[in-house]
Amino acid sequence: MKTPSTPKPASQKAHADAGFIKLTEQLDRAVDELDLSTQLALQRARQHALRSAGQSRSQTQSRAWWAGGGLATAAAALLLAIVLIPGSQNGLPTNISAMGTPTSGIPAMGMVADADNGASISDLALLAEDEFLLLDEELEFYAWLEEELDSTI
Amino acid sequence: METMPQSHQLMLNQHQQSATDADESLNDFLAAVEKRAWQMAWLATHNRDDALDAVQDSMLAFVKKYADKPAAERRPLFYRILSNRLRDYGRRQTTRKRWVSAWFSWFDEDQQAQVDWEPPDVHGELPEQALNNQHMLEATEALLRSLPSRQREAFLLREWEGLDVARTATAMGVTPGSVKTHYFRAIQKLRTALEDFR
């Protein structure tokens, strides 16, 4: 169990506070008289830290340059794509004519169909396959069934 | 070879100048705190190399994290990092000592202390005077080392480094109330010890 500490007289307290000043003076003296090897080691540590700060700063800058450059290149490529590729302006699929949709009324689609002729031929071959015809029949059947249900309700 | 446009050159020069100014400012700050930081680390570790490592690590962490901070905020932040390093060091030492004492009960700390001891740097003082000064310094260090680490830290930051309560709290990573408690306990113990010296 702790015993309650007795209050010290003011003179003793003042003496002790003067002791604090002496303590800090001793510490100041220790710092002033620090041996040369420690001083040099501290100097080296400081220079090392500053060098690493410089390196990290230049790395950050180069990263910013690369990010900026990449962004500019991407923007330029996107602009080029919009200007040079006509189909992308409407956002329509380029092989829309191959799906059996009439394109005569839409000149841009006709152009796209001509430009993408190779792809259209392969799409036509796909549409002519038996599997696609079966699927088409099924779709017709489901449409009819829906109409029937609507009429009964 | 293509030459750089004048405007770009000007921007580059301005940037380099600001980087140099920042480095100079950081250099001045670190030069101002490094010896005191070492003294605090020395009091906490009682090992020259460990104290140097703690200060160097603190400098590296400081320039990476807080290099852009205004001058008024730098000191408590630097001591905060140092304080964390020294606390980690204390924890590692405690664990290591526990293991060492468990496995090698014959481990002699006095022998270890003898290996670490270096003769004092007298700087041209008379041998008697140097001895007295050295004894005073050793007594001071022993007295401060006898305090618990948080109390010693609070005393050094408040009394020696001259930080106010709020900045000491930032440096120690505790509340201002906690700083007051640690500081009060430290000065109570030191007053008693200094009375005994009398």
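Which residue of chain B forms a salt bridge with A:Arg46? The partner is B:Glu34, with the closest N and O atoms 2.8 Å apart. The legends below describe a predicted model, in which local features need pLDDT of at least 70, side-chain atom pairs count only at pLDDT 80 or more, and totals for chains, interfaces and linings use all residues. Residues are numbered from 1 along each chain as its sequence is written, chains are lettered from A and ligands numbered from 1 in the order in which they are written, and side-chain values use heavy atoms, with hydrogens and water left out.

**View 1. Salt bridge between A:Arg46 and B:Glu34.** A salt bridge is a side-chain nitrogen of Lys or Arg within 4 Å of a carboxyl oxygen of Asp or Glu. The pair crosses between chains: A:Arg46 belongs to helix α2 (residues 36-84) of chain A, and B:Glu34 to helix α1 (residues 6-45) of chain B. Helices (H or I, at least four residues) and strands (E, at least two) are DSSP runs, numbered from the N terminus. A:Arg46 and B:Glu34 are buried. Buried means under 20% relative accessible area, exposed over 50%, and partly exposed in between (1.4 Å probe, protein chains only). Over all chains, the whole structure has nine salt bridges.

**View 2. Salt bridge between A:Glu33 and A:Arg29.** The two side chains meet at 3.1 Å, N to O. A:Glu33 is partly exposed, with a relative accessible area of 25%, whereas A:Arg29 is buried at 18%. Side chains of opposite charge can pair when their charged atoms come close.

**View 3. Salt bridge between B:Glu153 and B:Arg150.** The closest N and O atoms of this pair are 3.2 Å apart. Both residues lie in helix α6 (residues 149-160) of chain B, three residues apart, about one turn of the helix. An α-helix has 3.6 residues a turn, so residues three or four places apart point the same way. B:Glu153 and B:Arg150 are both buried.

**View 4. Network of salt bridges involving chains A and B.** The linked residues are A:Asp28, B:Arg36, B:Arg75 and B:Glu161.

**View 5. Negative surface patch on chain A.** A:Asp136, A:Glu137, A:Glu138 and A:Glu140 form the patch. Patches are made of residues with over 30% relative accessible area and no salt bridge; like charges are joined within 9 Å, and nonpolar side chains (Val, Leu, Ile, Met, Phe, Trp, Tyr) within 5 Å. Lys and Arg count as positive and Asp and Glu as negative, while His and the chain ends are not counted. The place of a charge is taken as NZ of Lys, CZ of Arg, CG of Asp or CD of Glu. A:Glu138 is found in helix α5 (residues 130-152) of chain A and is partly exposed, with a relative accessible area of 45%.

**View 6. Nonpolar surface patch on chain A.** A:Leu79, A:Leu80, A:Val83, A:Leu84 and A:Ile85 make a patch of about 540 Å². Accessible areas come from the Shrake-Rupley method with a 1.4 Å probe; for residues, only the protein chains shown count as cover. A:Leu84 lies in helix α2 of chain A and is exposed, with a relative accessible area of 60%. Chain A exposes about 11,500 Å², of which carbon and sulfur atoms supply 64%. The chain has five helices and zero strands, and buried residues make up 18% of its 153 residues.

**View 7. Buried residues of helix α7 in chain B.** In this helix (residues 165-172), B:Thr168, B:Ala169, B:Ala171 and B:Met172 are buried. They cover an arc of only 160° around the axis, which puts them on the same side of α7(B). The arc is that of the directions from the helix axis to the C-beta atoms. B:Gly173 follows α7(B) and has a positive phi, near 70°. Chain B has eight helices and zero strands, and buried residues make up 36% of its 198 residues.

**View 8. B:His46 in the loop between α1 and α2 of chain B.** Phi of B:His46 is near 55°, a positive value in a residue other than glycine. B:His46 counts as partly exposed, at 40% relative accessibility.

**View 9. B:Leu52 and B:Trp38.** These residues are 14 apart in sequence and 6.6 Å apart in space, C-alpha to C-alpha. B:Leu52 is in helix α2 (residues 48-65) of chain B and is buried, with a relative accessible area of 13%.
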